[in-house]
Amino acid sequence: MADSAAAAEAAQPATVGQAVIPLVNRLQDIMARLDGDAAAGVELPQVAAIGGQSSGKSSVLEALVGRDFLPRGPEICTRRPLVLQLVRHSAPEEWGEFLHAPGRRFHDFEHIKREIQSETDKEAGGNKGVSEKQIRLKIFSPNVIDITLVDLPGITRVPVGDQPSDIESRIRTMIMQYIKHPSCIILAVSPANADLANSDALQLARLGDPDGSRTIGVITKLDIMDRGTDARNFLLGNVIPLKLGYVGIVNRSQEEINFNRSIKDALAFEEKFFSTLPAYHGLSQCCGVPQLAKKLNMILLKHITDMLPGLKSRINAQLVAVAKEHAAYGDAAESTAGQGVKLLNILGKYCEAFSSMVEGKNKVSTDQLSGGARIHYIFQSIFVKSLEEVDPCKNISDEDIRTSIQNSGGPKGAMFLPEVPFEILVRRQIGRLLDPSLQCAKFIYDELVKISHGCLTSELQKYPILKRRMGESVSNFLRDGLRPAETMITHIIEMEMDYINTSHSSFVGGSKVVQLAKHEGLPLRGPTSLSAHKDGIAISSEMQLKSSIENNVQLKSERGQKSRAVFARDATRGATAEQGFQPDTDAGTSAAGGGQKGNSLVGGSLSNMPGPRVLNSLYSMIRLREPPITLKPSENKTDQDRTEIAIVKLLVKSYYDIVRKSIEDAVPKAIMHFLVNHTKRELHNVLIRKLYIENLLDEMLRETDEVLIRRQRIQETLQVLEQAHRTLEEFPLEAEKVEKGYSLSEYTTGLPKLAGLGNRSLS
């Protein structure tokens, strides 16, 4: 047991840095397989090197690795983001691996340089173009520290070659995409021979890290500062303070690079430079590449331990979301039986969603009315309200009423106010209710079509053929349900028109109509009485009746001396025409013998009538005009006309209100029964009958190419996140060591040991 425990302890990493940083490196390898959208929200801790063009960024990275492997030159060299993972191992050999060339090892670092240049030219072109697509390089060496660095393109102001005119803003935007995340440590590289207040790197770092808690300042080219000047105030933070401080380094010059001066020699020169200049005595903790490596490792380690809990939460949340989406896509390949089950499930869910939306049980929206609430709104706020706003007498003129009354009297005229005008007019008004009732049914049909389109939208999106056929089947079924609803509505209106129920308890008729007419201030001359029959609308005038009786008695007493025209109910009252018929006055006067008594043609007795020849002579002297084609009531209304018109209008309004309330209740019921509820009851059976055809299952459940590609990506994303989750589960094993802290003395930088130069103090 003791031996196994000792072996296990020996197998564990010696330091926390050797456990946590490689953990993040593995996570970066895993997450690198995701595209930008899938990896959004899972930003891993890393160090991004930013700076102006030729500020020495590449020299810093090469010094940390200890090898020449980056393209160099006087112009822009880094034209694509280079994600550099340094992996320390115990083997003596060194090599590099690219993510785009898996399984291939590059032992010659000159080949690594050429591969970077080749991949850059593929994406950004060969004439100084810039691309946002990453190059991922992993270097294995015993002389490096475990760290991940991102080398970003240097900020340039004047476009050259194929660079666009807005090259500066593009590079700045690219840099901000990295440094704006709290998980990123910013390595702001600035040359010492330029004014630090004008440093592009520090300006961008302040935008991405306003409080300076994630920014490390690197001052390069200390050896080429003007004589009599030094960077001590810069390194002490007296010019622009940073919470993580500054580190000063000495770069190789371009001439030294051209003459292949090694990194080892450059580090030796740097060590000698800082040890011999009095200005940098006492600043050993912030001078030299080894100190930069230690500082980076320590800061990154602490940053990772602070970020890991939140990183776990984000990865877990994204894992749940992706797993849910993957479950929604389901499996691609299924048997015929499996396809049948899937289709039945889809149809069942669709019908259930349809019913739920109609009944208001499915994802109640807080933004706007939807589903059944819109149906209720159409019934009450559109249909009923529109009918209530209609004036039943709006399209009925007084002339229409007078014409109807006179026409209903026939050749004799009417002694009483007839029922026919009322029935004709009220039927015409009831018929006006048909169009809005049918329009209401059409509105409900349109709403049901909208509801059907909103059911299972995401799931049906995968099967365009099934979605199209289902839409056609539902539309046809709804259209079939609309026809009986429209037929029933038509029957309801026709029933109301066919039987005018004047015995309805709410109908205002009989003497009550006259009272209402008087109450409205209508002029009623003479003692007008109303003969209230069972139907409640037969109206008579006592004055007319009395006059008729008196005239009848007088007619009998005078033996027919008077004309029977007075016995009619003002048979010619109100009749006018554009061409009236008037007797010839002169001819009538001569024929009547100057109007003498006993010689009138109409008033004389039969015994005094002249012979046939005389009559023919008399008649030939009276010329009648032909009746006009169109006869209308006269414009002059009598008090009796006004009374009759008011009574008819009151009767029409009273009965129209009764019918309107009945229609407002019956039409929604007909629509709900024949269209809405019928659809809810029978939709599932109709869809199964129309769509569940065994030899068409494969066609209807055929997915689009986009869905197939998306499912493949979702599966890959799910595998990546599951692997990342398992990797993070390993971290608690190191929790005890994390709590103990991290000491620089435990973990060497890994940089080459320099003969004759120890880690002595620069004090």
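In this predicted model, arginine 468 comes out as partly exposed, at a relative accessible area of 43%. Its partner in a salt bridge is glutamate 472, with 3.7 Å between the closest N and O atoms. Glutamate 472 is partly exposed too, at 41% relative accessibility. Both residues sit in helix α18, and because they are 4 residues apart, about one helical turn separates them.

Other charged pairs turn up elsewhere, and the total for the structure is 25 salt bridges. In helix α11 (residues 289–329), lysine 302 and aspartate 306 also lie 4 residues apart, about one turn of the helix. Their closest N and O atoms are 3.2 Å apart in a salt bridge. Lysine 302 counts as exposed, since its relative accessibility of 54% is over the 50% cut-off. Aspartate 306, at 48%, is partly exposed.

The bridge between glutamate 123 and lysine 133 has an N to O distance of 3.6 Å. Here distant parts of the chain are linked, as glutamate 123 belongs to helix α5 (residues 109–124) while lysine 133 is in the loop between α5 and β4 (135–141), 10 residues apart. Each end of this pair is partly exposed: glutamate 123 at 40% and lysine 133 at 49%.

Leaving aside residues up to four places away in sequence, leucine 466 touches Leu343, Ile346, Leu460, Leu691, Met700 and Leu701.

Helix α16 deserves a word of its own. Its 20 residues should span 28 Å at 1.5 Å a residue, and the end C-alpha atoms are 29 Å apart, so the two values agree. Among the buried residues of α16 are Ser437, Cys440, Ile444, Glu447 and Leu448.

Some nonpolar side chains are found at the surface instead. Leu369, Tyr377, Ile382 and Phe443 make up a nonpolar patch there, with about 340 Å² of accessible area together. Of these, tyrosine 377 is placed in helix α13 and is partly exposed, with a relative accessible area of 41%.

Notes: Residues numbered from 1 in each chain as written. Predicted model: local features only at pLDDT ≥ 70, side-chain atom pairs only at ≥ 80, totals over all residues. Heavy atoms only, no water. Contact = heavy atoms within 4.5 Å. Patch = residues over 30% accessible without salt bridge, like charges linked within 9 Å, V, L, I, M, F, W, Y side chains within 5 Å. Areas by Shrake-Rupley, 256 points an atom, 1.4 Å probe, with all protein chains shown as cover. Salt bridge = Lys/Arg side-chain N within 4 Å of Asp/Glu carboxyl O. Helix = DSSP H or I, 4+ residues; strand = E, 2+ residues; numbered from the N terminus. Buried < 20%, exposed > 50% of the residue type's maximum accessible area, 1.4 Å probe, protein only. Expected span 1.5 Å × (residues − 1).
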